[in-house]
Amino acid sequence: MINPNEVKLGFGNPDVQGYSVILDYYGGTRINSDRTSSIPLAQYWKDYQKRLLEIEQLTGLSLRHPHIYFEHATESLGYANASMSDVMILADGVRIAIEAKFTEFAKNGFQTIGGWLSTGNKENRRRVLDHWVNMIIPYSESDLTNIEDIPYQFLHRLACACDKHPEHAILLYQLFVDDKTRSTFNEMLSVLTATKERINPKSNLKIVFQQIECRQVRHYAGDKLKNIFSDMKSDRGHSYYFPDD
């Protein structure tokens, strides 16, 4: 007799590790610009040991036996789409959902929960929303019944951090900023900070915003976009670098 709780399902090959393999996975995704957040994110996480130490310093938590997953799916309700975290870190008693932002806010701002509810089957979307909210409730001091004005993606990523009831849940926004995005950075940070205050985290939840300065040193366009991640395998192929490193 098979115990269904002992069956593990995965996409790709979770036993193959290494930065080069991660870049191959990224290379299979479609990007429309060399200014999307996945590009500096992939470059930034090349030195993953250093990044884990940074997160320990930011959160005050020890990350024992960490597993790092890129484009990590958290199951939704029924037939609704899973929620994809840019990076998910699973360690002993700790679950960290990472959301990367770069140029996206300057282009489109943040869609609110109310805006999301108004664009589809509202009854079904309300059930999905309740599913995400119920995951967050044990980690929040707030009444989460009237939150339609907060960013929908923030709620998604926060629920990913709270999934499976970890002892410590962490939502980490890695905010890449350069001279072209600096003018809207404070506005974006203000929205995120106000949302954090609305959530009012309990002691078992941390919501952290990390500002990461970056510089674009190599540009890609058209057909060359498909080479951007494979070029990262070379030390001379970086599209971005980080002055604070």
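**Notebook: a sheet and one glutamine**

I looked up Leu172 and found it opposite Val208 in S5. The model is predicted; local features need pLDDT of at least 70 and side-chain atom pairs pLDDT 80 or more, while totals for chains, interfaces and linings use all residues. Residues are numbered from 1 along each chain as its sequence is written, and side-chain values use heavy atoms, without hydrogens and water.

Next I checked the strands, which are DSSP runs of E with at least two residues, as helices are runs of H or I with at least four, both numbered from the N terminus. Strand S4 (residues 168-177) pairs with strand S5 (residues 205-213) in the parallel sense, over nine bridges; pairing requires at least two DSSP bridges. I noted Phe209 in S5 as the bridge partner of Tyr173.

I then traced the open sheet: five strands, in the order S1-S2-S3-S4-S5, with mixed pairing. Strand S1 (67-74) and S5 are at the edges with a single partner strand each, so one side of each has no neighbour in the sheet. I read an average twist of 30° from one strand to the next, with angles running from 0 to 180 degrees between N-to-C directions of axes fitted to C-alpha atoms, for helices over the stretch in contact.

Last, I turned to Gln43, which I placed in helix H2 (residues 38-44). Gln43 is buried, at 7% relative accessible area (buried is under 20%, exposed over 50%, partly exposed in between; 1.4 Å probe, protein chains only). Leaving out residues up to four places away in sequence, I list Tyr19, Met232, His238, Tyr240 and Phe242 as touching Gln43 (heavy atoms within 4.5 Å).
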